[in-house]
Amino acid sequence: MLFRSLPNDCLDILDFQCGVLSRTQALGSGVGPRTVRARLLAGHWQRLQRGVYTTFTGEPSWEARLWAALCRAGPEAVLSHYTAAELAKITNQRASAIHVTVPRQQHLTPIRGVVLHRSSRIELARHIGTLPPRTRIEETTVDLTQCSRTLDDALAWLARSCGARLTTPDRLRAAMDSRARLRWRRELGIG
């Protein structure tokens, strides 16, 4: 079976998203449902998540898996917590799952291999201009302090981010001040 080439809009998305494409994106860029099905059945594409495909064969890269998680979670989703920390080089340890934050009002069924977080502040937390989309370093760091088991672990995240010169105490303080609820607020105060 000979496949026609994909529309340019689709190729642009694939280039942008490391070869990953959601069904919605495919249909929106002019790829018909029969073409999607035929490519899947022929083994030219593979399903990574429900409604999300890689358009190549072989093992998907870590970046492709990140894009697949984002595509599955929706257009407003951002990488966050441990995944954003890894991308920002706050840590060099890869988490066992991909952490994604979605708008608080968005309801999703669980996604295989993904830890979902919900936030009403997603637009404030989003790091503009980074790909794949993720939370700003300050937001990521504060999120990690809130996931920490102990105050010492929480303080270590602040020290890592500032010590690596990825942010400043003033920026971290502003991120903390913008949150209505914050565990260890007084103890985490920077200054």
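Visitor: What pLDDT does the protein chain average?

Guide: The average is 93. This is a predicted model, and 97% of the residues score at least 70.

Visitor: Which elements have the lowest and the highest mean pLDDT?

Guide: Helix α10, residues 185-188, has the lowest mean, at 91. Strand β4, residues 78-79, has the highest, at 98.

Visitor: How many helices and strands are there in the protein chain?

Guide: Ten helices and six strands.

Visitor: And what does the C-alpha trace span?

Guide: About 65 × 30 × 25 Å along the principal axes.

Visitor: What share of the residues is buried?

Guide: Buried residues make up 47% of the 191 in the chain.

Visitor: What about contacts that join residues at least 24 apart?

Guide: Take the contacts between residues at least 6 apart in sequence. Of those, 51% join residues at least 24 apart.

Visitor: Let's go to helix α4. How far does it reach?

Guide: Helix α4 covers residues 62-73, twelve in number. From first C-alpha to last it reaches 17 Å, close to the 16 Å expected at 1.5 Å a residue.

Visitor: Is α4 mostly covered or mostly open?

Guide: Mostly covered. Ten of the twelve residues in α4 are buried. Among them are Trp 62, Trp 67, Cys 71 and Arg 72.

Visitor: What happens just after α4?

Guide: Gly 74 takes a positive phi there, about 120°.

Visitor: Now sheets. What is the strand order in the open sheet of three strands?

Guide: The order is β1-β3-β2, with antiparallel pairing.

Visitor: Why is one side of β1 and of β2 left without a neighbour?

Guide: β1 (20-22) and β2 (46-49) stand at the edges of the sheet, each with a single partner strand, so one side of each has no neighbour in the sheet.

Visitor: How much are neighbouring strands turned against each other?

Guide: By 35° on average, direction ignored.

Visitor: How many bridges link β1 and β3?

Guide: Three, in the antiparallel sense; β3 is residues 52-54. Val 20 stands opposite Thr 54 in β3.

Visitor: Ser 22 next. Where does it sit?

Guide: Ser 22 is in β1. Its relative accessibility is 8%, so it counts as buried.

Visitor: What does Ser 22 touch, beyond residues up to four places away in sequence?

Guide: Ser 22 touches Gly 51, Val 52 and Cys 71.

Visitor: Switching to Ile 98. Buried or exposed?

Guide: Buried, because its relative accessibility is 7%. Ile 98 is found in strand β5, residues 98-103.

Visitor: Which residues is Ile 98 in contact with, leaving aside neighbours within four places?

Guide: Trp 62, Arg 65, Leu 66 and Ala 69 are among them.

Visitor: How about His 117? Where is that one found?

Guide: His 117 is found in strand β6, residues 114-119. At 16% relative accessibility, under the 20% cut-off, His 117 counts as buried.

Visitor: Which side chain does the His 117 side chain make a polar contact with?

Guide: That of His 81, at 3.5 Å.

Visitor: What else does His 117 touch, not counting residues up to four places away?

Guide: Besides His 81, His 117 touches Ser 80, His 99, Val 100, Thr 101 and Val 102.

Terms used. Residues are numbered from 1 along each chain as its sequence is written. This is a predicted model: local features need pLDDT of at least 70, side-chain atom pairs count only at pLDDT 80 or more; totals for chains, interfaces and linings use all residues. Side-chain values use heavy atoms; hydrogens and water are left out. pLDDT is the predictor's confidence in each residue, from 0 to 100. Helices (H or I, at least four residues) and strands (E, at least two) are DSSP runs, numbered from the N terminus. The expected span of a helix is 1.5 Å times one less than its number of residues. Buried means under 20% relative accessible area, exposed over 50%, partly exposed in between (1.4 Å probe, protein chains only). Two strands pair if DSSP finds at least two bridges between them. Axes are lines fitted to C-alpha atoms, for helices over the stretch in contact, and angles run from 0 to 180 degrees between N-to-C directions. Contact means heavy atoms within 4.5 Å. A polar contact is a pair of N or O atoms within 3.5 Å; within protein, one must be able to donate a hydrogen and the other to accept it, and residues adjacent in sequence count only if both atoms are side-chain atoms.
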